Amino acid sequence: MKIAIVSYNKQEKFSQGIANDEDADLIRFLTGKGLNVVPTIWNDENVDWNSFNVAIIKSPWDYHNHLTEFLNWLNELEKLNVKVLNPVEIIKWNSHKKYLKDIANKGLPVIPTEYLAKGATLDHRFFDLFGTNKLVVKPCVSAGAQNTITVDLNNYQKRIEEIGQLLKVEDYIVQPFVEEIKNGEWSFLFFNGKYSHCSLKTPKQGDFRVQHYHGGSISYPTPNPLHIEQAEIYVKSLPVATLYARVDGVVINDSFELMELELIEPYLFLNGDFNLLENYYRALMALIS
């Protein structure tokens with residue numbers, strides 16, 4: 001069995017602040033287990049995808065800038081009968097943030113979210129709707145806080161034109177700014193639906209973006225077991241099994257609330273740890289055996 005570990009043409013900004021080359025660690029570990037794994041780039045025209053039995057969508061961190069091409073590529077893998085992990089249907093669903101509405105409609109806790117279609121206008125009503133004086137506006141197709149903007153009652157008039165220009169290009173979501181983000185965003189990692197480990201990403205002073213390349217820091221505190229159980233509910237709500245799922249959210253009034261359900265290309269915080277890599281390997285074998 002030949003397995004592709006799918007990545008992208010790497011850009012330094014995405015790897016800043018990361019101590020381990022997670023892809024290299026994973027490939028080395030899986031190779032040591034006797035698996036035939038090959039590093040690939042999703043849009044490399046020289047790759048013969050027909051030669052692979054399985055394609056693990058590991059780190060195509062530029063997919064959001066080439067979404068149509070990326071989804072077409074996934075369709076081609078299906079036509080070639082290549083098993084894709086995570087499944088193509090899940091990746092397509094997860095690629096547009098309207099999935100948050102689907103999750104909320106199941107009665108699960110999600111940060112309140114409204115949608116602005118391409119060409120729409122951000123108006124003042126959202127402050128009253130959410131009962132807040134600060135909003136977060138971000139693309140429906142994005143990663144790494146790209147084009148994510150905060151706007152408050154004081155700078156609304158100054159930022160409305162900038163936001164209007166962005167809305168001419170693509171769909172956006174609007175959410176209330178959650179002050180608890182300053183305490184950090186929890187990431188709970190699940191492999192084949194089973195909890196593995198977690199991390200806490202904390203923004204730098206004066207910022208709200210938790211990503212390492214925006215100056216955020218990463219720690220590994222012991223989580224509250226209740227929050228693990230709450231995060232697991234989102235994974236159990238999925239219609240099919242996934243090799244990996246990262247459940248990102250904040251704790252509000254001692255209860256976990258979802259910000260993002262990462263099912264396409266999340267960093268997994270494996271950190272070269274044998275036990276965590278073993279968790280990944282066992283999940284993979286259960287899905288491809």
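The following exercises, each with a worked solution, concern a predicted model of a protein.

**Exercise 1. Into which domains is the protein divided, and how many residues do domain 1 and domain 2 bring to their contact?**

Begin with the division of the chain: domain 1 covers 3-94, domain 2 is made up of 98-108 + 180-288, and domain 3 covers 114-177. Then turn to the contact between domain 1 and domain 2, to which domain 1 gives 33 residues and domain 2 gives 34 residues.

**Exercise 2. What area do domain 1 and domain 2 bury between them, and which three residues of domain 1 supply more of its share than any other three?**

As a starting point, the size of an interface is often given as the accessible area lost when the parts come together. For domain 1 and domain 2 this area is about 3100 Å², and 69% of it lies on carbon and sulfur atoms. Looking next at the area that domain 1 buries against domain 2, one finds that Glu-22, Trp-93 and Asn-94 supply 22% of it, more than any other three residues.

**Exercise 3. Which polar and charged pairs are counted between domain 1 and domain 2, and which elements of domain 1 face domain 2?**

First take the salt bridges, of which the count between the two domains is one. A salt bridge requires a side-chain nitrogen of Lys or Arg within 4 Å of a carboxyl oxygen of Asp or Glu, and the side chains of Lys-33 and Glu-278 form one with a distance of 2.9 Å from N to O. Next come the polar contacts, for which 12 residue pairs, both at pLDDT 80 or more, are found across the interface of domain 1 and domain 2. On the side of domain 1 that touches domain 2, the elements that give two or more residues are the helices α1 (12-15), α2 (22-32) and α4 (88-94), together with the strands β3 (54-57) and β4 (83-85). Sorted by class, that side of domain 1 holds 19 nonpolar residues, seven polar residues and seven charged residues.

**Exercise 4. Is His-64 buried or exposed, and which residues does it contact?**

A polar atom of the His-64 side chain lies 3.4 Å from the backbone oxygen of Trp-61. Once neighbours within four places in sequence are set aside, His-64 is in contact with Val-141, Ser-142, Ala-143 and Gln-146.

**Exercise 5. Is Lys-168 buried or exposed, and which residues does it touch?**

Lys-168 belongs to the loop between α7 (156-167) and β8 (172-176). Because its relative accessible area of 55% is over 50%, Lys-168 counts as exposed. When residues up to four places away in sequence are not counted, Lys-168 touches Lys-118 and Gly-119. Lys-168 and Ala-117 are 51 residues apart in sequence, while their C-alpha atoms are 9.1 Å apart in space.

**Exercise 6. Where do Asn-86, Asn-81 and Asp-254 lie, and what is noted about their backbone?**

Asn-86 lies in the loop between β4 and α4, and a cis peptide bond with omega of about 5° joins Leu-85 and Asn-86. Asn-81, in the loop between α3 and β4, has a positive phi near 65° although it is a residue other than glycine. For Asp-254, in the loop between β12 (244-252) and β13 (255-262), phi is also positive and near 65°.

Definitions and conventions. Residues are numbered from 1 along each chain as its sequence is written. This is a predicted model: local features need pLDDT of at least 70, side-chain atom pairs count only at pLDDT 80 or more; totals for chains, interfaces and linings use all residues. Side-chain values use heavy atoms; hydrogens and water are left out. Domain bounds come from an automatic or database domain assignment. Contact means heavy atoms within 4.5 Å. Buried area is the accessible area (1.4 Å probe) that two parts lose on being put together, summed over both. A polar contact is a pair of N or O atoms within 3.5 Å; within protein, one must be able to donate a hydrogen and the other to accept it, and residues adjacent in sequence count only if both atoms are side-chain atoms. Helices (H or I, at least four residues) and strands (E, at least two) are DSSP runs, numbered from the N terminus. Ala, Val, Leu, Ile, Met, Phe, Trp, Tyr, Cys and Pro count as nonpolar, Asp, Glu, Lys and Arg as charged, and the others, Gly among them, as polar. Buried means under 20% relative accessible area, exposed over 50%, partly exposed in between (1.4 Å probe, protein chains only).
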